[in-house]
Amino acid sequence: MTRSNELEIKIRTYLSSLSPKALGSLVRNLENSKRKESTEPHLDLILTAAAALVQKPQPNAIDAPNAELRRAQVHKQFFSPLEDFLIDETLPTRQEGRIHRPMLDRVWKWFARDVMPNEVKTVLDQAGNAAVSGERVDALVQALRTRAVEAFGEALEASETSEKKRRIIGVELGGERGIAELKDIQKVFAAERWLAPFLQSIPERVNEHRLKQDHDVLRLVDKCSNRFPDHVPIIAAALVDRSDTPSALCTFAGRLAGDEDPRTIAGSQFAPFVDIVMSEAERLQIRALDHRHNSNDPAAFSEALSDYHALVRGVERDMDLSMSGRWHKRLADTKRNISGEVTRELKGASGAIRRALQVPKFDADGVLKTDQAAIDDAVRTLRVVTMARTASETFAVNEIGKQTRQAVEQTLEIVTRSLITDLGKAEGHQVAAHASAADVAIRLSEIYFGADYAAQLRRSREAAFAKATNQEAPSEPAPERKLVSSVLSRY
């Protein structure tokens with residue numbers, strides 16, 4: 001089996017373990033990345049496999065033929081009503097309605113060992129029995145979840161009256177935050193009877209117009225909020241997960257409250273809708289910082305910054321947060337944190353580009369050794385420089401952004417021209433080394449200056465390569481300097 005076949009099988013196996021909702025979300029994100037010309041090497045492979053699974057009718061997870069797999073799927077099936085409320089990031093301020101995904105394993109372990117061990121064992125045994133149908137196991141999991149609502153409620157009530165029991169539960173679930181997560185899980189489970197039909201009546205994707213002007217979603221939410229006022233944070237969390245423009249929930253909260261004044265909204269039962277938007281800003285900030293330090297995709301950081309900028313710009317356009325100290329502080333904290341990271345990225349831009357444009361060397365075996373990590377760093381940095389040009393207010397990088405752009409423009413223009421000139425003078429095996437460096441320079445120039453300028457550079461590169469290898473050079477001229485001036489005059 002080839003390495004590519006092994007990779008494809010691994011990708012399909014992993015994707016098959018995801019829920020239909022998670023698969024749909026993944027496909028949308030991958031399509032967005034493709035439109036933004038992400039350099040992720042396996043993007044097309046993952047997108048093709050995910051899209052095929054989305055289009056394929058999804059079998060019931062419990063019907064998996066392997067006994068161990070059926071048992072493992074009980075955990076997933078048990079928590080399936082929580083799909084709309086799960087997040088992967090640990091927020092600085094815990095937000096009611098948003099459940100930390102890693103918490104599910106802790107809750108399941110505690111539940112199966114200390115709360116309802118016999119009942120859980122019975123369901124797992126039935127799931128592992130091939131003679132028991134998937135429909136029967138589904139019904140058993142549903143019954144287990146129904147009984148868990150009461151068991152969780154009793155445990156939470158006991159934690160309120162007994163400090164000792166609260167400490168015990170806290171140790172198992174991760175302290176006060178874990179107990180708060182359990183409350184949300186219990187609340188969603190208890191509301192499943194009406195919450196599931198409500199979520200089915202809400203479109204899978206809710207656009208900005210629907211939140212700001214239409215009345216269909218407004219009427220549904222208003223009706224549920226009046227009948228179940230304690231569940232407003234849960235409803236808000238479900239909506240932010242489905243919103244194309246999460247910032248529009250601020251306006252939506254004003255429509256529900258009957259007044260756009262932030263002070264009125266803050267004093268109403270619909271304040272959780274704005275709380276959820278602030279938590280989304282915190283989540284996007286955390287995701288952006290994680291992408292900067294840990295992602296292998298050089299485009300991920302700039303894309304996350306773009307999502308954060310879009311949210312902040314929408315919030316500040318629709319609501320005067322200076323009139324609400326609590327929300328203003330939460331948003332300001334995220335802006336301060338992310339501004340520091342963007343500033344550090346911009347300060348290192350010129351150095352990152354110069355490192356990426358070093359002519360690679362050959363190793364002892366005659367293999368050209370390119371520094372892919374340095375190239376990825378430069379791609380990431382250039383995307384941030386380009387994106388920050390239109391978001392300098394959000395990231396508070398007006399001055400450093402201007403200085404960085406000037407330095408980047410000079411570095412790219414001078415070094416790229418020098419590399420292409422040197423390519424024309426190269427001899428022997430050095431031709432390949434200089435051609436590689438020139439190709440990297442052209443790629444970076446395309447990110448910053450655009451496709452037209454890159455096309456001119458490629459023609460110059462072809463002429464230089466032809467000269468170095470004694471081939472016929474293209475006759476078309478390559479006026480890079482004039483084109484650079486034209487590109488830069490637009491900014």
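**The buried part and its surroundings**

Modeller: Cys224 counts as buried because its relative accessibility is 11%, and buried means under 20%. Please bear in mind throughout that this is a predicted model. Cys250 is likewise buried, because its relative accessible area is 2%. The structure holds 0 disulfides; a disulfide would need a pair of cysteine sulfur atoms within 2.5 Å.

The chain has 491 residues, of which 47% are buried. It contains 25 helices and 4 strands. Consider next the contacts between residues at least 6 apart in sequence: 73% of them join residues at least 24 apart.

In soluble globular proteins, nonpolar side chains tend to be buried together. The largest nonpolar core of this model holds 127 residues. Within that core, Phe111, Phe252, Phe273 and Leu444 are the residues that touch the most other members. Apart from neighbours within four places in sequence, its contacts are Val221, Val232, Ile235, Ala236, Leu239, Leu249, Phe252, Ala253 and Leu256.

Beyond residues up to four places away in sequence, Gln186 touches Val149, Phe152, Gly153 and Leu156. Asp184 is also placed in helix α9. Asp184 is classed as charged, and with 3% relative accessibility it counts as buried. When residues up to four places away are set aside, Asp184 touches Arg94, Gln95, Glu96, Gly97, Arg98 and Ile99.

Helix α10 covers residues 192-201 and includes Leu195. Leu195 is buried, because its relative accessibility is 3%. Its contacts, again without residues up to four places away in sequence, are Phe85, Val188 and Ile234. The C-alpha atoms of Leu195 and His231 lie 9.5 Å apart, although 36 residues separate the two in sequence.

A pair of helices shows how two elements can be set against each other. Helix α17 consists of residues 300-318 and helix α18 of residues 325-347. Their axes come within 12 Å and cross at roughly 145°, and the crossing is left-handed. On the side of α17, the contact is made by Phe301, Leu305, Tyr308, Val312, Val315 and Glu316. On the side of α18, Leu331, Thr334, Lys335, Ile338, Val342 and Glu345 take part. Sorted by class, the residues of this contact are 8 nonpolar, 1 polar and 3 charged.

Leu69 lies in helix α4, residues 67-78. Leu69 is partly exposed, because its relative accessibility of 39% lies between the limits of 20% and 50%. Leu69 and Ala127 are 58 residues apart along the chain, and 8.9 Å separates their C-alpha atoms. Ala51 is found in helix α3, which runs over residues 43-55. With a relative accessible area of 21%, Ala51 is also partly exposed. Between the C-alpha atoms of Ala51 and Arg28 there are 9.5 Å in space, while the two residues are 23 apart in sequence.

Ala396 provides an example of an exposed residue, since its relative accessible area is 57% and exposed means over 50%. The loop that holds Ala396 lies between α21 (392-395) and α22 (398-425). Ala396 has a positive phi of about 50°, although it is not a glycine.

Examples from each class can now be set side by side. Cys250 is buried at 2%, Ala51 is partly exposed at 21%, and Ala396 is exposed at 57%.

Technical notes: Residues numbered from 1 in each chain as written. Predicted model: local features only at pLDDT ≥ 70, side-chain atom pairs only at ≥ 80, totals over all residues. Heavy atoms only, no water. Buried < 20%, exposed > 50% of the residue type's maximum accessible area, 1.4 Å probe, protein only. Core = buried A, V, L, I, M, F, W, Y, C linked by side-chain atoms within 4.5 Å. Contact = heavy atoms within 4.5 Å. Axes fitted to C-alpha atoms, helices over the stretch in contact; angles between N-to-C directions. Left-handed = near helix turned anticlockwise from the far one by under 90°.
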